Each structure stands twice: as structure tokens, then as C-alpha cells.
Amino acid sequence: MVSTPSTLDDDVRVFVYRFMVDNERPPMPIEIGTALGTGSAEVEAALKRLADAHLLVLAPGTPYIWFANPLSALPSPYPVVAGGKQYFGICIWDALGVIAMLGEDGSVTSLCPDCGDEMTLLVRDGEIEPRDYVVHYAIPAAYWWDDIGYT
Amino acid sequence: MLLFRAEDHRDKWLAQRGLRHGATLSVVQQWDLARTWYGDNRLSRDWRRRTPEEAQAVFDSLGLTGPFWNLSP
């Protein structure tokens, strides 16, 4: 069956997420194309459409995945351990989102940007500890996608 | 979205950079937002991105209201 752009985009999106969950890294377009039986140029076009629709984010000027929220392709200050694997979230929301998306127990370890003390959040059976840290949002919600990397 | 040890650490960090306070969530609020937002079966082929109205409804359901959380200012 020939994939239309819409079905190809769905196929690519799902493949990207499942690949990142399984392999702790994003797939390259050639890997996606090989798996889906289509050319890497078609895959790159699909990735561009997905990025334009804010379904994932490409590294600037490239066809390579920067993040597929909540999973970040690159190391970040918010490493996550869940399901026996290590991932990264681009921010604390996404780091906790990885645990939520996988439906696993997990942890996020980071440093306080002010004092440098290590902080570890543990999620067990849907409950999070400790509870006395705070999360600051700098950018109002309406402007998050103006510069999603900064947000 | 940055995680701080406490509000006074947040305030000091912002002041040193001349940045204004935006919005602050407790860890529990952040976890509730994360699991509502991302516990949406996005590994499924049937997943669809929320409309702005649906996203706004998520914020509203968690008490995240006011101009900062308004997606259509």
C-alpha cells in the first residue's frame, strides 16, 4: 500500500517515539526509511511536516531530531531514569513527562541552578517525592513555541 | 522550566540575571501537569496533538489560570 503524506507522517512519528524509548536515542532519517520501506528524502520531508505541526522539533537547519517531547535527543540538565533506561527531558516538565509517558516508576536528578545542590525527584506508584522543591516558568504559555528551545 | 531547591533560591537566581518572575509551580503541581499532559498515550498511532482549546482545558483543570497560562491572549 502506498503511504500518503498523512499516513507516512503518522508512521514516522510513531516510529520515532518507539525507537527513542527502546534505544535511548533518536533515529536518523535513513534508519526510519529503512524500517518503513521508504526513502530518506521522503522521511526528511515527513519530519519537516511534523516539526511544522509542532509534533517534534528538529535541530536547527538539519533533518535530525532535537526532541520529540518529552524525549530529548541531546543530554540536558534533566536526566531521567525509567524502565531501566536513561533518557533526557529538555526541562523538568518533560523529564517528569518521560516517566508519565512510560507509566513507569522513575527518577529525575538535577542541580539547583542557584546553589548547585543535587536534587533527585523520585516517582513511585504515581506519587512524587520530595515535594518541597519549586519549578519556575519564565515564558508565558502563549509564547512557548516562539523559541521552544529557550522555553 | 527550571527546578529550584526553594523559592528563595529561585528569587536569588532571577535577581542576579535581572529576570522577572514568571510563574511558579510546586513539585506536586508539576507532576500533575506532566502526567496529565504526557499520560495521553502518545506512543499510539491514534494520538493527536491537543487543540489550543484542549490544552487550555488541561491548564484550567489543574488550576493553572490567569494571564500567564492563557494560550490566546
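Modeller: Two strands pair if DSSP finds at least two bridges between them, with strands (E, at least two residues) and helices (H or I, at least four residues) being DSSP runs numbered from the N terminus. This is a predicted model, in which local features need pLDDT of at least 70 and side-chain atom pairs count only at pLDDT 80 or more, whereas totals for chains, interfaces and linings use all residues. Residues are numbered from 1 along each chain as its sequence is written, and chains are lettered from A and ligands numbered from 1 in the order in which they are written.

Colleague: Which residue in strand 2 of chain B is the bridge partner of A:Val134?

Modeller: Strand 9 of chain A, residues 134–137, pairs with strand 2 of chain B in the antiparallel sense, over four bridges. Within strand 2 of chain B, A:Val134 has as its bridge partner B:Ser26.

Colleague: Which element of chain B gives the most to the side that touches chain A?

Modeller: Counting residues as in contact if their C-beta atoms, placed from the backbone, lie within 7 Å, 37 residues of chain B are in contact with 35 residues of chain A. At least two residues of that side of chain B come from each of strand 1 (2–4), helix 1 (7–16), strand 2 (23–26) and helix 2 (27–38). With nine residues, the element that gives the most is helix 2 of chain B.

Colleague: How far apart are the centres of domain 1 and domain 2 of chain A?

Modeller: Chain A is divided into domain 1 (5–68) and domain 2 (74–147), with bounds from an automatic or database domain assignment. Five residues of domain 1 of chain A and seven of domain 2 of chain A take part in the contact. Taken over C-alpha atoms, the separation of the two centres is 24 Å.

Colleague: What share of the residues in chain A is buried?

Modeller: Chain A holds four helices and nine strands, and its C-alpha atoms fill a box of roughly 55 × 35 × 20 Å along the principal axes. Of its 151 residues, the buried share is 36%.

Notes: Two residues are in contact if their C-beta atoms, placed from the backbone, lie within 7 Å. A residue is buried if 20 or more other C-beta atoms lie within 10 Å of its own, exposed if 12 or fewer, and partly exposed in between; C-beta atoms are placed from the backbone.
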